[in-house]
Amino acid sequence: MSEQILWNFLANEDALSMDNYAARGGYEAARKVVTSMTPEQIVQEVKQANLRGLGGAGFGTGIKWSFIPKNLNKPVYLAVNADEGEPGTFKDRYIMERTPHLLIEGIIICCYAVGSHRAYIYVRGEYDQSIARLEKAIAEAKEKGFLGEQVCGKPFKLEIFVHRGAGAYICGEETALLESLEGKKGFPRLKPPFPAVSGLWGCPTVINNVETLAYLPSIISKGGAWFASLGCEKNGGLRLFGVSGQVKKPGLYELPLGTTLRSIIYDYAGGIPGGHRLKCVVPGGLSAAVLTADEIDIRMDFDSLKAKGTMLGSAGVMVMDETVCMVRALYITMRFFAHESCGQCSPCREGTGWMEKVIARILGGVGRIEDLKTLAETAKYLSGTTICALAEGAAMPLASYVEKFYSEFEHHVRHKTCELKQELVHA
Amino acid sequence: MAKMSFPSELLPVAEKILKNYPEAQAALLPILHLFQNRDGYIKEGVDQIVADYLSLPLIKVQEVLSFYTLYAKQPQGKRHFQFCRTLTCSILGGELLADYFGKKVGIKPGEVSKDGQFSYEKVECLGACEIAPMVRAGKCYAGPLNESKIDKLIQEKSHV
Amino acid sequence: MPKLTIDGKEITVPDGTTVLQACEKMGIDVPRYCYHPGLSIAGNCRICMVEIEKAPKPAISCQTTCAEGMVVRTDTEKVKQTRSHVLEFLLVNHPLDCPVCDQAGECYLQDYYMKFGLYDPKFNEDKVKKEKKAEPIGPTIMLDQERCILCSRCVRFTDEITKTHEFGIVNRGDHSEVVVSREFVNPYSGNVADICPVGALTDRDFRFKCRVWYLKSSPSVCGGCARGCNIEVHFNDRRAHKVEEKRVMRFKPRFNEEINKWWLCDGGRYSYKLIDDNRITQVKGADDWASAMRIIASKLKGLTQSSACSLAVLLSPQQSNEELFLAQKLFGQISGRDRFFLVSPTQPGYEDQFLIKADKNPNTTGARAQGFHPTENVIEQLLEEAESGKLKALYIFGQDLSTRFGEDARKLIKRLEFVVFQGSHRNDTAPLCSMVLPSAVHVEAEGTFTNCDGIVQRFIPAFSPLTGAKEGIKILSELGTSLGIKIPAGSPSEIFNEMVRENSAFRGMSYGKLGKIALEKAAVC
């Protein structure tokens, strides 16, 4: 197996405590950064590493940091996106539960690079264990002098707070997260202004995903060039692929960016159990367009998947075999987006609810043939007309299921039953 | 109705929370969690108490309470079960297992069992797809589930 | 000052102008729901989207700042499709209430559908039902959550303008609802019905009264207090039989940058009822106008010829500048300048930091500019004069002295030989007087008021005075003729010009170019 970075800390709970973490070289990168590097050097290293946001958007981390204006009278904040709501994704939970110190170290490095002295970790409200372990780890780190008034004995101050969410997928969207942190509903903001200029309380703010930050210590220790070389051309390093569904070994697999989807499913996750055949894969969390069985030779990196009309996103790989009704799979998907739409803007608010109803009818055997056209057209107009990308996240799978599994949908409409002879579910 | 003051036993923690943020409104979600932890749900009148404490218009607190799903507006069972119903969990039978749980305990989603022990609901992805189909029981995740595991969960005295 | 191109035409705009505002300047109609020039940008309706060259996808014009060299198109197929689809999304859960909805005829959904929609609707499901349909949320406003398109204008209004935070939006997705956190009792409540683009928030007073396409509009100025907010008088002249012969159906605010912007207080808004309710329509104390003039003229001439002090004139800060000027010219020739008293018909009332002034008269400042100041204890002084025999006659301009000043006022009137009441509304004082002359209200007349900040504003008649009533200026004109006195004559405009010539407080003004003046202290003789 190739090199592992995060998995060394995630395979079990050995890296949980401060002592154990430190014994493995923990916090050395943070110390190096605070005592001997300049913010510019750190940003350079991260840019060289080709580290791209692992929460879903895939935006260059180093570039994002460089948007923070220097020498302002306002404080700079870091908001850690630990909302992990994208269905199919569970990697951040592992990091926070099993190696919270790794995240803290990453936060120290990021904050030093962008000039922030205060970080808020926005953790989704259901992650009780993550929250408890993070709070404990923060106290431990403070005790050992890695946080507080003088990080590693240097005149760099840093405080980290854990902020608990309260159940809203939309708060994983950057600016909705900021609104929620500020004590309001998670309504995404209009952009511009972008968070780097005006984020938390009108101040410059960096928002980074947990996993993205977790890779920083290794980038500092072994260099950006090393990290970049582990991955593929424009997408450096490794990442955690979360595999679930009809596979023999669901779980996390840390692999180079650019690994093929086939390899992930068959070489690592053990393939499909029970003698079943692969039918459909969600490659990057529920918001990604689905891929069929003959599309899995695709390389799993941001650009390759984008070129294929889908996305790497949060690398939540959900595998479905031939027993799964695609109409039902789409119904579950649209039900999710309708439930999670914040309701702020008209296309998403009305469109997601509408699509859920249409697919519920098709699923329940009371679909009409014009529904299929309605679905395709609505998907088209959900994209590009909204404040945030949740609508796209609903539109992409919608369009892909209907296009790639058209015959199944048609069967439900014309014959009022499922091709797979499953019991019709009336929503 | 006389103005209800902020409960004294929660004041020290609330004041500590306030210090974490440069603006009082940011303490809204954490302070609402405080009340939910204490009472098991958000009792009537808490919205006004918190609004007064944070000097916020009442409507802003009401909006937040209505927007976020974790704030329960009705009493829940001592052990509240949240069964995931999103993609992986659902295709692996999660919703049917939730129905099984409901039938076993004798309640529908949103209801509390007569002895006050159990309540349940079906929720969206809880971020534990590798143990699908799964449930959030109190503060713990449990999965992969099957009927016998659910029987065991029901019999357990409390959440781990 | 960026220069940009919109639909092929160039325009240069001030820094910070948004694309939507630039389109407005060029007369290009960009549809909008959530945008309102008096409120913050919400950007949630998405219907104002336009195409901008070099941008990957259409952008909302309400929030896009104009930049040098920007090329905007509002007329492409993509923009048309986007608008049509956004409209379709908005109508997905909207109830088909048009036949019973007051907004019909002034509804943005109807108007934009006809202009930008005209599609075949694809929605064929059960619409989302909401809790409150046709629910009064306060004394003035009715809420229908199902009609609401969640543009959040009402929320932003109570957050940013009145800062009272009654409105909010609860829940998520298509279950979102507009709610109020307490009963909506707010002196500016009527404004939310104005700004609601659909029939979700409607005026209870106007409910089911009149279809808006029967309404005509005439600009005027509110007379409810010294603020002088600009209004539109909406009246119907076609279906009077349906609304008990009332002409005016409602007031709406008219935009004025300096005074009230887009807003109107409830007191002023609902004062429209005064125009048609409780009016005096008949001359009392004479058979008709002509004989009334003769009687008054001979009586006043007789009395003042023997003693100039035998007449007192109670001017009112409700009167226009022109009327006050004329009254001064008229009575000043038979009586002394010291025989004029400025008496307000009402006590000062509620005032706030926004629009409402304690002085409930529209022209106190105008009266002051002409040298008339409110004096204390007028009734006591006049009663004393009456009892001593010095005062024999009184000319009242509409003040209900009996209600305001009580027994002393009634004693005064009883004591006098001749009392003329010229006013518009029935009250307890008029029946006590020798002569009653029905006058028009300002909405039926032409003239000017000076507001509390010294801004002189013109008003024009929406329609003729109610049958039997006459404009104040006309009455004074005819009285002048009967008295054989030469007074400024002609149209209100000519009278105004005469006033400008004589009074430096109005220097440089004319009907053509009315504006704000700094008032100088007018000399009082």
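Colleague: Which residues touch the most other members of the largest nonpolar core?

Modeller: A:Ala79, A:Val80, A:Ile107, A:Ile109, A:Leu398 and B:Met134 do, in a core of 250 residues. Helix H7 (residues 100-114) of chain A gives the largest share of this core, 11 residues. A second, separate core has 60 residues, including C:Leu383, C:Leu412, C:Val419 and C:Phe421. This is a predicted model, in which local features need pLDDT of at least 70 and side-chain atom pairs count only at pLDDT 80 or more, while totals for chains, interfaces and linings use all residues. Residues are numbered from 1 along each chain as its sequence is written, and chains are lettered from A and ligands numbered from 1 in the order in which they are written.

Colleague: What makes a set of residues a nonpolar core?

Modeller: The members must be buried Ala, Val, Leu, Ile, Met, Phe, Trp, Tyr or Cys residues, joined through C-beta atoms within 7 Å.

Colleague: With which residues is A:Ile107 in contact, leaving aside its neighbours within four places in sequence?

Modeller: A:Leu78, A:Val80, A:Ala119, A:Ile160 and A:Leu213. They are called contacts because the C-beta atoms, placed from the backbone, lie within 7 Å of each other.

Colleague: Why does A:Asn50 count as buried?

Modeller: A residue is buried if 20 or more other C-beta atoms lie within 10 Å of its own, exposed if 12 or fewer, and partly exposed in between, with C-beta atoms placed from the backbone. A:Asn50 has 23 C-beta neighbours inside 10 Å, so it counts as buried. A:Asn50 lies in the loop between helix H4 (39-48) and helix H5 (61-66) of chain A.

Colleague: Why does C:Asn377 count as exposed?

Modeller: C:Asn377 has 10 C-beta neighbours inside 10 Å, so it falls in the exposed class. C:Asn377 is in the loop between helix H10 (364-369) and helix H11 (378-388) of chain C.

Colleague: How do you know that the peptide bond from A:Lys191 to A:Pro192 is cis?

Modeller: From omega, which is near 5 degrees. A cis bond also joins A:Pro192 and A:Pro193, with omega about 5 degrees. A:Pro192 sits in the loop between H9 and strand S4 (205-209) of chain A, and A:Pro193 is in the loop between H9 and S4 of chain A.

Colleague: What is the strand order of the open sheet of 5 strands in chain C?

Modeller: The order is S15-S14-S16-S17-S18, with parallel pairing. Strand S15 (340-342) and strand S18 (435-438) of chain C are edge strands because each has a single partner, so one side of each is left without a neighbour in the sheet. From one strand to the next the twist averages 15 degrees.

Colleague: How do you know that strand S14 and strand S16 of chain C pair?

Modeller: Two strands pair if DSSP finds at least two bridges between them. Strand S14 (residues 311-315) and strand S16 (residues 393-396) of chain C have 4 bridges in the parallel sense, so they qualify. C:Leu311 stands opposite C:Ala393 in S16(C).

Colleague: Which helix lies across S14, S16, S17 and S18 of chain C?

Modeller: Helix H8 (residues 289-306) of chain C, which runs at about 130 degrees to S18(C). Axes are lines fitted to C-alpha atoms, for helices over the stretch in contact, and angles run from 0 to 180 degrees between N-to-C directions.

Colleague: How many residues of chain A are in contact with chain B?

Modeller: 43 residues of chain A touch 32 residues of chain B. H15(A) gives the most to that side of chain A, with 6 residues. By class, the side of chain A that touches chain B has 18 nonpolar, 15 polar and 10 charged residues.

Colleague: What makes a residue nonpolar, polar or charged?

Modeller: Ala, Val, Leu, Ile, Met, Phe, Trp, Tyr, Cys and Pro count as nonpolar, Asp, Glu, Lys and Arg as charged, and the others, Gly among them, as polar.

How values were computed
Helices (H or I, at least four residues) and strands (E, at least two) are DSSP runs, numbered from the N terminus. Two residues are in contact if their C-beta atoms, placed from the backbone, lie within 7 Å.
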